[in-house]
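Hello,

Here is the structure I promised to pass on to you. Please open it alongside this note, and then read on for what turned up in it.

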Amino acid sequence: MSILVTEIQNNTIQRTENFYSTIISESASRQLVPTDFDLNDLDNKQQIFDNFFQQIKTDEMLRIKVWSSDGTIICSDDQLIVGKNFNDNLRFQHSIAGEITSEIKNPVDPENISEMGYGQMMEIYIPITLDSTTPLGVIELYYNMDSINDTIAETQLITIINTVIFISIIVSGIIIFSIFTIRSSNKTIEQEKFASIGNLSSRMAHDIRNPLTVIKTTLDLLKTKNKNLSSDELEKLKKLDNQIYRISHQVNNVLDYIKGQPLILKTNSLKEILDSSIHDLPEHDGIEIESTVSNTKIHCDYEALKVVFINLFYNAIQSLGKKGKIKISSEIIGVNTLIKIEDSGPGIPEDKLNKIFEPLYTTKQEGTGLGLASCKSIIEQHRGTISVKNNPTTFTITLPTV
């Protein structure tokens with residue numbers, strides 16, 4: 001992904017170079033003559049090139065600087081450098097040899113007064129030949145980078161969206177293949193297929209999670225580096241961020257159900273596991289999560305229980321939509337810890353309550369039907385129980401207390 005982003009930046013900059021070098025070269029061939037690039041009457045040259053620039057200027061074009069063939073400045077906003085020779089400038093040397101070249105300059109490091117007072121800009125060195133076979137001089141264009149950066153950001157966003165769509169297709173393939181495996185009627189064949197799909201899924205999970213991580217990082221960079229994003233653009237980035245989480249969540253549901261790895265049991269803080277699970281959820285503005293869980297110690301697999309809690313919290317967030325409340329509480333009853341996760345959502349249809357822990361059963365269009373099945377499997381591996389009731393919708397988990 002980082003290589004792709006760099007390629008997008010380079011292509012955008014190159015297109016800008018080519019576009020504006022064509023405009024300046026063609027305008028120069030119509031409006032300028034060879035003597036405009038000699039060193040005679042520099043005061044008059046300033047007026048000639050000022051007029052030339054005004055006729056071609058766009059909002060993004062900040063100014064021009066004109067070089068003679070020997071590297072002397074013929075025209076510049078900075079009068080102190082007019083008439084001085086800078087033929088040791090490498091960009092000029094490449095350009096006078098016939099090459100279009102550019103350099104991106106930052107406002108924190110201006111070389112002279114003509115570069116001060118602006119944000120990031122690109123200097124494009126354009127060789128001017130007119131009717132000659134070799135360049136008579138060079139016109140250096142100062143170009144505002146804001147529009148380029150906006151284009152790069154938009155292109156990156158489109159690329160990210162397309163990548164997410166592609167990953168969604170891959171994930172769908174995994175889910176369909178997994179469902180086919182789970183529905184296999186022959187036990188021996190089913191076990192063999194589970195082993196095969198487990199190995200395949202592990203490899204694909206690695207290949208999917210890496211680009212998802214890069215996409216998430218790129219999104220964060222886009223939001224950090226582009227301070228002028230509109231509220232509409234920020235909302236699109238937020239939606240994309242949520243979609244990335246949804247893809248990751250569905251991949252994890254499939255893999256958690258299939259892999260069946262042994263638990264790594266240690267003494268852990270229930271509160272710490274719950275807090276970490278809440279922290280890993282996607283943005284849920286408008287939904288309040290209230291936890292009154294005590295710092296109870298339980299003997300459990302930390303990461304496996306996070307899978308359970310994240311699934312339950314995420315399901316509750318999806319059920320609530322844009323507004324609502326999730327309440328988490330715990331109490332010790334005998335040798336067990338009782339955990340309740342309650343939400344203010346519309347509830348689960350009564351005729352479906354006894355089915356929601358079955359593999360492949362889901363009440364959501366985008367669900368895999370494996371999330372709650374995984375939760376049940378993990379809790380039972382811990383020698384616990386999980387159940388659900390309505391009015392309000394409450395999931396109750398019992399786990400052995402240390």
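Helices (H or I, at least four residues) and strands (E, at least two) are DSSP runs, numbered from the N terminus. This is a predicted model, in which local features need pLDDT of at least 70 and side-chain atom pairs count only at pLDDT 80 or more, while totals for chains, interfaces and linings use all residues. Residues are numbered from 1 along each chain as its sequence is written, and side-chain values use heavy atoms, with hydrogens and water left out.

Let me begin with the cores. A nonpolar core is a set of buried Ala, Val, Leu, Ile, Met, Phe, Trp, Tyr and Cys residues joined through side-chain atoms within 4.5 Å; buried means under 20% relative accessible area, exposed over 50%, and partly exposed in between (1.4 Å probe, protein chains only). The largest such core has 38 residues, and Leu305, Phe309, Phe395 and Ile397 touch the most other members. Among the elements that give it two or more residues are α7 (270-279), α8 (302-320), β9 (324-333) and β12 (393-400). Helix α8 supplies the largest share, 13 residues. Another core lies apart from this one, with 24 residues that include Ile13, Phe52, Phe53 and Ile139.

Next, the aromatic rings. Rings of Phe, Tyr and Trp (its six-membered ring) pair if their centres lie within 6.5 Å; planes under 30 degrees apart count as stacked, over 60 as edge-to-face and the rest as tilted. The structure has seven such pairs. Tyr20 is buried, at 8% relative accessibility. Ring pairs also join Phe19, Tyr20 and Tyr143 into a cluster.

A stacked pair is formed by Phe309 and Phe313, with 6.2 Å centre to centre and 15 degrees between the planes. These two are about one helical turn apart, because they are four residues apart in helix α8. Phe309 is buried at 0% relative accessibility, and Phe313 is buried with a relative accessible area of 0%.

Finally, a look at Ser76. Where is serine 76 placed? Ser76 is in the loop between β2 (73-75) and α3 (90-96). Ser76 is buried, with a relative accessible area of 2%.

I hope you enjoy exploring it!

Best wishes
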